[in-house]
Amino acid sequence: MVRSVDMLHSVAMYHTTQEYEADLTLQGDALQRPILHNSPVNGEEKETFSPNKKAKPLPGPIPEIGKSEQAIEKREKIAAHVFDVTLYGNAFPPMLRTMRLARKLGLPDNTLGYVAEDSYRAPRSSAKPSKSYLDTRSNQMLRDLRVKKMNPEWRERLFQREKLPVMTDSRHARLIKALDSCDVLVVPGSTGSGKSTQVPQIILDYAIHDGKGAHTNVICSQPRRISAVSIARRVAWERTEDLGQTVGHHIRFSPQLPHKHGHILYCTNGILWNYMHHQPDHVLDTASHIVLDEVHERSTEIDILMLILRKLILNRKAQGKRYPKVVLMSATIESNEFIEYFRQPLDGKHGLTTSKFEIPGRLFPITDHYLEDISAQLSQSSEGAIGTLSQGPAAMYINAELESNSSGINATLQSDSDAVSPTIETPSLIEAGQDYIVPFELAAATVMHVFQTTRKGDILVFFPGLNDINKTADLLEAQEAFWNQNTPEGGGVKIFRLHSQLNDTNDEVFEPVALGWRRIVLASNIAETSITLPEVEHVIDTGTSKLMTRDSETASRGLLCQWASRQSLQQRRGRAGRVKPGNYYALYSRAREFETYLTPELLREDLMGTALGLKTMVQSLDIATGLTSALDSPKEEDIAKAIHGLKQIGALTEAEEVTPLGRMLSSFGTHPNLAKAVILGVLFRCLEPMLIAASMDDGGEGMIAKADRTGVELVKTRYHYARGTDSNIIASINAFKELDDAITSGDTNLQARLCSTHGLRRDLYHYQARTARQICERLHAQGIASIPDLGAGYFPNIPPELNTNATCTPLVKVLLMLSLQPELAARWSAHTFFSKQGLLMPEWRAVNSFLSAGLLRSGVSTRVSDRGDLMSYAFGKFVPDGNRIGMVDTQTITPLMAMLFGREVALGDSNTATLDKAIKVKINVQGHEVNLPTSKAAVMTMEMRKMIERFLHVAFSDLRIDGKPTAGKVSQYNTMFTEKHELRDAFTKGLIEILDADAEAEKTVLDERWLAWTEEDSRKLSDLAKRQAEADKKKAKPGISNEEAVASDKSAVSLTSIHQMLSNLPGRPVTKAV
């Protein structure tokens, strides 16, 4: 076998045809290692010493990972390779005992297929109110409105409303007339038109005047929580009401619903999709108007809502049933494609009638400043904080962008990447896995410049993501001297961070600040639409946004930073002139070209959750037929992959019918894999770690990835929390639990220490704790787990009987394999793994990354890996240069885990097997406790695998959403999840014994590897010392030529630096020169 972590080059390094010197930063000190790699020869890696060679920066993308001819040839070669794997004999005795006991307790011997659910009973709609009640309520609403008109506050606020374009020139009356004449009204309304706040009010007020107020219920969906809440509050204020009267909102965690009859309800697109999923008839019976706002964003939820509304309303219209009017609104919208979509016939039925009603905008004059102008202005501030921030990455970006014109900054920066030090400590313009990056230093410098050169008005800055927001905020908050010098007496500055993950603090931006104070709002695209920050006069725009991108060929995906669309830039610019004249600072050149519209999200995202949602609707839709009827339909192969994935996890039968498990998964309102993780946690009495994992939308990456942490610090922190498990998700689980303990105990000092020392984030903790509570409420309500008291803390109080096995790491790992980390890969070299996706590498800042190997010397890690070592991961992260696929959320696993819990395993001849249809392995058995030939061990392993499958089938077939017992009765369903169950408890106990025995044997092997590594490392240190002594001796000989002396001196210096570097690392013995 080839050691993937060699003695002297266990560092971050790329293999290329040339030799490169590796460079690694540990604890802030650059460790120069003049040990070079040749390109691999016949699949082997050769180490050479060349201390006189000139060091070169690390190259860019790894050429062997991607779609190049070299990559294809390499993949084909590795695909034919047979990896050696070892099953440990001490796992087989408990395996045999478990199989015998399971059969004795009634586990079927025959392999079971997933079966379709019994007929599903949809939730009953509430009783319809009588006509007399609605008429009485309508009359009361009319009287209330007349009283309001006598209120001076109402009149003043109405006066302000009437200044908006939608309310002027009798436009509101013409809007109602247009709406009455069609089924679907498309309303393009420019920025500042007032459409989001006024159109729903116009609809309700006209109905009230007509005596139909109680018959009119307007649902207005918004793309984000903050817009749904802020608009609802604004509309209630304009109507001189409290939330909960005729105006309300419904968002996740905190609904504030209005009166049932005669209202305006603002909700997120996700909430409306949930309504339509579970109770479509109730929504279509009770809603008079459904308004989809900001439809230009083309999120998956918007496209699916349009798909469903179009189909169901067409059906109702053909049947003569009542149906609501649909209004599509946006500041920037290509109305013709939406009009034609709803006009088209469907299923033999005539299309809906459509119309368009345009509303002009109201923008004050805006002065544009592009990067050319900003660069010239910043160059005048060569001294002080602004001058400092304008140098380095900011200056490099400015030069590259201005020189590249419209050819694309990415290409320019990549070609000049050798000029940027690749060490982890150096801010990089192009980060791994990202396309376009505007340095946050430039954004901070521009903020300070605008603050210094203008005396009033708030500043709004658009960033692609939270990491950039936090970095910039931390940088600005550190400039105390600058703010003191440039703030007038009695004034001040307040910095806000606005992002979808910061729900606890987002509302603070709407609170008034003291006179003389100015706001600096650092925001993602959350601030593009539907919210108004009235004091904003200056907008700074990086021109970028983060988008989920998926590659159909490699099944990889990632949240990538890309240039925004022109429609997004138009929206951002409009923020500056919403209520007064303003300035727009574009951190890109005038010549920069942008796409008009971004690709719809439905074409970029994983379709499993969407497909299951369509299939499990009360009015079930065929997945392929439904998705192909979308405004922009996904590729057939992407739809087929989603259906195949749902079958693999047991959500669908082979005939694409919904299983009991599929129905249960869809009820959680999250990705099916996340929901399955929770259900497995309940079944195996391991709920807490699986619940924490499922509540982390990003696998916990953000929980530890604080903005001011360097790459090596992040790796070391994750290793600290992984605690020897070599699992990124388990590291995140442990970090969450430690912070939860500190918060629950009220230890503020410990909280501060965890956040500062380890970079843990309280804001994400609160979001994930709320998510976990909501999941537990769902578990209890559906009768899967009895959790009657969630406790007063943030994270739910889980009953001990559901956590019996929560500390069993091997069990947690295999449950993660069955849910969140289903992909398998085998190590090929120090940096690369092979899977059905091709050649991959772990994410560079995570546990098990290629950087992590460099931590062996520091004692942070003790794992020495060999070719053929196995790993599971969540998915491949696509990198747009086409040459890299990163493995997200990796964990090391044993061959037995892969054989028992991998998605697909097929035995071959001569003790071989194929894992996940790609990885060929030869099975060896080591440490027999019984006389068991390898062939029989493999067969027994496969039989145990089948038994695990049968156990899961039996448990999942028992699931029912309506399986919660009623008063005085015992439910016949969900018994393996809620009751004491002899088969479940015995099987789980036996499985843990198997996994523990396997893990213990694996630990012994790894300890032996580590011992061999340290012995060889000591030998190499000794060899280096001898070479150092020989170099010194040669240099001291008389008669040596000048050329030889110089060469000897260079060699001696290099060897001395190597020796010092090696001997001074933490935990390393000092070897003196001989």
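This briefing walks through a helix crossing, some aromatic pairs and a few individual residues. Keep in mind that the model is predicted. The structure holds 12 aromatic pairs, and two of them are described below. Helices H6 and H7 also meet, with their axes coming within 10 Å.

**Where two helices cross**

- Helix H6 covers residues 195-209 and helix H7 covers residues 225-238, and their axes cross at roughly 55°.
- That angle makes H6 oblique to H7, because angles from 65 to 115 degrees are the ones that count as roughly perpendicular, and those under 35 as roughly parallel.
- The crossing of H6 past H7 is right-handed.
- On the H6 side, the contact is made by Ser196, Thr197, Gln198 and Gln201.
- On the H7 side, Ile231, Arg234, Val235 and Glu238 take part.

- A pair of aromatic rings is described by two things: the distance of the centres and the angle of the planes.
- Start with tyrosine 370 and tyrosine 588: their ring centres are 6.1 Å apart and their planes stand at 70°, so this pair is edge-to-face.
- Tyrosine 370 sits in the loop between strand E12 (366-369) and helix H12 (371-379), while tyrosine 588 sits in the loop between strand E19 (582-586) and helix H21 (608-615).
- The two tyrosines therefore tie together parts that are 218 residues apart in sequence.
- Tyrosine 370 is partly exposed, with 21% relative accessibility, whereas tyrosine 588 is buried at 4%.
- The second pair is phenylalanine 451 with tryptophan 483, whose ring centres are 4.9 Å apart; their planes are at 90°, so this pair is edge-to-face as well.
- Phenylalanine 451 belongs to helix H16 (residues 440-453) and tryptophan 483 to helix H18 (residues 480-486), so to speak linking distant parts of the chain, 32 residues apart.
- Both phenylalanine 451 and tryptophan 483 are buried.
- Look also for one aromatic cluster formed by Tyr370, Trp563, Tyr588 and Phe594.

- Alanine 693 is found in helix H26 (residues 687-695), and its relative accessibility of 2% makes it buried.
- Setting aside residues up to four places away in sequence, alanine 693 touches Ile729, Ile733, Leu816 and Leu820.
- Beyond its neighbours within four places in sequence, aspartate 458 is in contact with Arg518, Arg519, Glu535, Val536, Glu537 and His538.

**Positive phi angles in a loop**

- Arginine 723 lies in the loop between helix H28 (711-722) and helix H29 (728-745).
- The phi of arginine 723 is near 50°, a positive value in a residue that is not glycine.
- Aspartate 726 is also placed in the loop between H28 and H29.
- Although aspartate 726 is not a glycine, its phi is positive, at about 55°.
- With 8% relative accessibility, aspartate 726 counts as buried.

Methods: Residues numbered from 1 in each chain as written. Predicted model: local features only at pLDDT ≥ 70, side-chain atom pairs only at ≥ 80, totals over all residues. Heavy atoms only, no water. Axes fitted to C-alpha atoms, helices over the stretch in contact; angles between N-to-C directions. Helix = DSSP H or I, 4+ residues; strand = E, 2+ residues; numbered from the N terminus. Parallel < 35°, antiparallel > 145°, perpendicular 65-115°, else oblique. Left-handed = near helix turned anticlockwise from the far one by under 90°. Contact = heavy atoms within 4.5 Å. Phe/Tyr/Trp six-rings, centres within 6.5 Å; stacked < 30°, edge-to-face > 60°. Buried < 20%, exposed > 50% of the residue type's maximum accessible area, 1.4 Å probe, protein only.
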